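Please look over the structure shown here before reading on. The briefing is arranged by topic.

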Amino acid sequence: MVCIKTTRQNKSELRPLPLWKWLPFTIPILVVVSIFLPPNICAKVIFKSVTIPAQIDFVHSDGQSGQRLFNEFVGSGAAFFDYDNDGDLDLYLINGAPQPPFGSEITPKPNRMYQNLGNSTFTDVTQITNLGHTGYGVGCAVGDYDNDGDTDLYLTNFGPDVLYQNQGDGTFLNVTVSANTNNASWGTSCAFADFENDGFLDLYIANYADYEVARDRQCRNRDIHVYCGPHAYPAAIDRFFHNNGNGTFSDLTDSYGFLQPPPCHGLGLTLADYDNDGDSDIYVANDQDPNFLFQNRGDGSFEEIALLAGVSYNDMGKEEAGMGTAFGDYDNDGQVDLTVSNFQTETNTVYHNRGNNFFMDLTITTGIAEKTYNYLGWGIKFFDYDNDGWKDIFVVNGHVMDNITELEPNVFYSQQNLLFRNLGDGKFDRVQGQDGLALKKVSRSAAFGDYDNDGDVDIVVTNWNQSPDLLQNEIGNQNNWVRFRTVGRDSNRSGIGAKIKVVTPDLTQYQEVRSGGSYLAANDLRVHFGLGQAEIIQQVEIRWPSGRVDHRQQLLINQEYLLVEGDSQ
Amino acid sequence: MGRLARQILLLYLVISSADVDSLTAQPETYNLSIATDHIQNGSYRLAVDLLRPIINHDPSSIMARYHLGNAYRLQRLYYQAAKTLEPILGLKPTDRVAGETHIFLAEIYIQLGQLNLALNQATAAVAKVPEIAEAHFHLGKIYLKQKKLDLANSAFKQATIRNPDFADACQELGNIALLQARPILAVGFFQQVADLAPFNYRPHLGLMKAYRLSNNQTLAEKHQIRFRDLKKYFDQVYDLELELKDRPTDPQILFRIAELHYKYQNLSAAIEQYQKILIPNPQSEPAWDQLGRIYMQTGDFESAIKAFESLIGLNPEPLEAYLRLSWIYTQQQRFDLAKQLLQKAIQLSPDLTLAYHGLAEVHLAVGDAAQALATYERIVELGDRGPDILIMLGQLRSENGRTNQALSAFQEAIKLRQTDPRPYRHIAQIYVQANLYLDTALKYAKQAVKLNPGAAEMSTLALVHFGQNQLQMAESSIQQALVQEPNNPDYLQQLHEIQQAKASGKGGLHQDNPTE
């Protein structure tokens with residue numbers, strides 16, 4: 001087994017070089033390193049925790065009330081996005097805050113923005129960027145909502161949410177009031193997408209519960225003080241903000257049909273054109289409520305069809321504690337499938353899209369059931385960690401009760417995160433590893449992106465009242481890859497919603513450009529494909545939200561390409 | 001304290017504890033029996049309160065452990081349940097108790113997420129008590145989680161062989177068929193569950209999915225609606241049962257659950273719930289009353305009688321109970337009992353028209369037309385002048401020879417409800433039988449036919465035509481009545497008379513046609 005030592009770039013090199021150019025320099029290093037490291041250890045480090053060497057010194061705080069306030073257990077999210085347009089991913093980490101009257105002596109610690117220096121380290125630019133919000137932060141989404149060429153940020157809070165407009169000069173401006181995106185509810189996951197395909201990004205926000213600290217209830221289980229379950233408080237209504245195209249938004253939650261189902265406790269969110277009709281649909285994972293699938297009718301209205309689509313309840317007709325969720329085409333058949341993370345002993349769920357608006361729950365046959373049965377899952381995503389062309393699943397775990405062991409001695413607060421390798425035959429197998437995969441923490445959210453631009457997808461995991469884990473992918477670039485950055489012209493500038501089809505000699509793959517979702521997180525807007533051992537990309541097809549279809553042929557592997565709408569080969 | 005004094009005290013304590021032992025032996029058996037009852041009634045906490053001291057006193061009490069573990073299991077306190085049940089297996093229980101303990105533990109370990117331990121327990125259960133369906137069922141559940149579909153399928157089948165009414169096992173067989181993309185097979189299993197448990201929402205989700213797999217959208221949507229409806233019902237009951245955990249004997253919650261069962265017409269569950277209410281509250285009049293009503297609805301008249309009699313025992317003046325009981329007795333043709341109750345009801349409430357209605361029915365049933373007439377007259381006097389009452393009154397007056405009063409009742413009925421053909425028909429019959437105002441009779445008979453061209457109306461029209469010597473038309477009308485009721489002897493007789501009159505060349509009832 002060869003241990004790959006990946007190469008990093010300097011900040012001065014603004015554009016990443018194709019990997020093959022580095023090859024002559026890397027091979028001698030690889031050989032040297034592989035001689036001195038024991039192969040069994042080397043082989044097992046798939047994700048390496050590099051938080052400290054990367055100079056990420058953030059520590060999450062839920063406000064430290066010591067009261068088990070209801071809103072503490074959700075944790076906070078993170079975003080990977082290139083705020084300064086320098087070609088690498090920067091990192092935004094969200095924080096909780098003291099909640100008066102509790103912890104009023106504690107100084108609030110703001111959300112933190114870390115700029116990627118391009119050499120595998122980050123520097124704190126919170127103050128310069130004006131992104132150091134000190135509210136009770138929860139989740140986020142990124143996208144260029146004003147089509148001015150830089151990426152903006154939406155932040156959900158327990159308390160008023162915030163829309164930050166990127167000024168293009170390394171700073172952000174809070175434009176929540178002028179943009180009219182005031183979501184007063186307890187927002188959790190959120191995402192930008194151009195739902196009407198009018199060229200401007202709209203915004204969907206999942207809301208959790210109608211709760212105030214002043215109305216906090218003390219819940220007990222067998223006389224032990226525990227965090228309350230979701231139904232201790234009424235559910236809050238999710239929000240849909242339509243982008244008016246002039247820097248303002250309108251709340252069209254009601255008129256677009258989102259009030260049709262009764263409100264549920266929304267936590268996770270994922271978007272995709274699951275029915276391949278050319279517009280973005282919405283799936284919401286609700287906590288102990290039926291999940292929602294809002295089918296975009298393409299006429300400015302949505303219909304909730306989760307039950308008939310088979311994605312509302314589990315096989316026994318029971319609503320589960322949905323936390324995170326993700327769309328992804330795990331069998332490369334051109335129809336996005338779906339996964340949901342749930343509570344301990346509920347198992348995560350994998351739904352296979354059979355077309356015709358129907359999903360089959362294949363959790364058992366995919367092998368996910370048994371392996372997730374003992375974990376309480378949160379952030380989840382389909383992504384190809386080993387670049388073999390088949391999307392794998394990563395899910396982060398951690399219990400909601402800090403004192404769970406008092407109630408159930410065999411259940412633990414801190415839990416390992418799980419990586420499942422897609423075997424390419426409809427089944428997944430758990431991948432165990434040392435270091436990053438061996439950590440046991442109380443994880444909540446995960447954001448994905450190739451922050452070191454080395455050709456494989458890395459992960460940042462947020463943990464409740466702990467430091468995050470920046471997990472550097474150590475093996476992905478053993479296989480070939482390609483990455484695309486999209487720029488829309490008639491479509492929204494970020495190209496969110498664009499569908500990319502990549503054809504190599506042995507495989508055809510599909511992905512969509514997506515912002516935000518899963519659980520409180522925003523991922524790299526660039527689209528990464530693993531290519532296995534393919535040496536050439538025969539064809540790339542890009543279907544833009546505007547309806548335009550562009551094509552590229554005969555592309556080189558191991559490169560990042562800029563795809564501008566209308567620039568067909 | 002000196003050594004001797006301490007020894008005396010110790011001796012005293014030993015003696016006292018021996019006394020306590022002998023005294024508590026009997027209460028333990030008694031408490032065990034009471035605790036079992038509590039478990040059966042869903043009062044798990046009460047059971048735990050009784051069983052814990054038994055185990056504290058004698059940790060090797062197998063049955064106390066068994067029931068305590070079960071009570072914890074049913075409260076979903078799985079960890080305590082496991083800790084309580086596990087020692088049983090080392091205490092040399094009977095095969096049956098050991099087998100059932102393995103079954104409990106298999107279920108508990110599944111819930112605790114410890115599938116390997118669960119598998120051991122389920123396997124041991126199947127070996128120990130292969131005749132018990134649940135042993136196979138839990139084994140199937142574990143295999144299913146482990147992706148061993150064939151083994152799971154076989155285990156669930158074994159469960160259904162042992163217990164053909166095992167709905168959950170059938171449901172799992174359906175789920176496996178769905179996973180194997182065999183929708184037709186799945187429909188069979190889910191339909192079986194729906195038949196076994198008509199208020200279970202789960203099979204409808206399975207049926208919806210199976211029909212979606214078979215691209216039958218109409219049936220899929222039908223089962224989606226049924227699923228939603230039953231799920232809502234289940235959730236409401238479930239929420240109330242959660243509230244009961246804190247207040248297990250709260251009658252308000254118990255009643256709300258029973259009412260929900262009744263609202264969804266799950267009558268057996270409603271009966272069970274009211275019975276549960278009555279165990280600790282045998283004086284609950286509303287529970288006896290509701291129980292009686294539901295038994296009436298199910299046709300279980302004997303149980304309904306017992307329920308209403310219990311209610312009357314608690315409160316001698318429940319008028320509704322008298323009325324319902326009398327209705328049952330009338331249905332059972334126990335007219336004397338019915339009459340007694342109705343008279344008692346009238347005695348208690350002389351203006352209770354419903355009691356008079358019941359009484360009138362009884363009089364009619366025993367053929368006492370005069371008493372029936374008197375009773376209806378009383379009903380009308382009391383102000384109940386509905387069209388149906390007036391029609392009945394008219395008929396009875398007519399039979400009693402009080403023609404003018406009968407006509408007056410029918411006319412009043414027409415004023416109240418012009419669309420009812422009956423008073424028109426009766427008026428026509430009175431006129432034709434009296435051979436008076438036959439033209440008017442004809443108008444009434446035609447109006448009756450216009451409102452409802454039924455057999456009775458056609459027969460009346462035939463009668464009027466016959467009276468008017470319009471034999472052809474009379475024959476045609478009665479033929480139309482006979483089309484509807486070909487074997488009606490009265491109509492056949494009427495036809496025979498008309499045909500005879502035609503053959504003999506004679507007229508109908510009367511040669512002359514007097515006019516009004």
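This is a predicted model: local features need pLDDT of at least 70, side-chain atom pairs count only at pLDDT 80 or more; totals for chains, interfaces and linings use all residues.

Residues are numbered from 1 along each chain as its sequence is written, chains are lettered from A and ligands numbered from 1 in the order in which they are written, and side-chain values use heavy atoms, with hydrogens and water left out.

**Cysteines**

- A disulfide is a covalent bond between the sulfur atoms of two cysteines; here it is taken as a pair of cysteine sulfur atoms within 2.5 Å.
- Over all chains, the structure holds one disulfide, and it joins A:Cys219 to A:Cys228 with an S to S distance of 2.0 Å.
- This disulfide is right-handed because the torsion about the S-S bond of A:Cys219 and A:Cys228 is about 100°.
- A:Cys219 is buried at 14% relative accessibility, and A:Cys228 is buried at 5% (buried means under 20% relative accessible area, exposed over 50%, partly exposed in between, with a 1.4 Å probe and protein chains only).
- A:Cys140 is in no disulfide, and its nearest cysteine sulfur, that of A:Cys190, is 6.4 Å away, which is too far for a bond.
- A:Cys140 is buried at 0% relative accessibility, and A:Cys190 is buried at 1%.

**Helices H17 and H18 of chain B**

- Helices here are DSSP runs of H or I with at least four residues, strands are runs of E with at least two, and both are numbered from the N terminus.
- The axes of H17(B) (residues 319-331) and H18(B) (residues 335-348) come within 8 Å and cross at roughly 160° (axes are lines fitted to C-alpha atoms, for helices over the stretch in contact, and angles run from 0 to 180 degrees between N-to-C directions).
- H17(B) is therefore roughly antiparallel to H18(B) (angles under 35 degrees count as roughly parallel, over 145 as roughly antiparallel, 65 to 115 as roughly perpendicular and the rest as oblique).
- Residues of H17(B), including B:Leu319 and B:Tyr322, meet residues of H18(B), including B:Phe335 and B:Leu337 (contact means heavy atoms within 4.5 Å).

**Helices H25 and H26 of chain B**

- H25(B) (residues 455-467) and H26(B) (residues 471-484) pack at an angle of about 165°, with their axes 8 Å apart.
- H25(B) and H26(B) are therefore roughly antiparallel to each other.
- Among the residues making this contact are B:Ala455 and B:Met458 of H25(B), and B:Leu471 and B:Met473 of H26(B).

**Two loop residues**

- A:Gln64 is found in the loop between strand E1 (47-49) and strand E2 (78-81) of chain A, and A:Gln64 is partly exposed at 43% relative accessibility.
- The C-alpha atoms of A:Gln64 and A:Gly96 are separated by 9.1 Å, although these residues are 32 residues apart along the chain.
- Apart from neighbours within four places in sequence, A:Gln64 is in contact with A:Ile106 and A:Asn465.
- B:Pro93 is in the loop between helix H4 (78-85) and helix H5 (95-111) of chain B, and B:Pro93 is buried at 17% relative accessible area.
- B:Pro93 and B:Ile62 are 31 residues apart along the chain, and their C-alpha atoms are separated by 6.9 Å.
- Apart from neighbours within four places in sequence, B:Pro93 is in contact with B:Ile62, B:Ile88 and B:Ala98.
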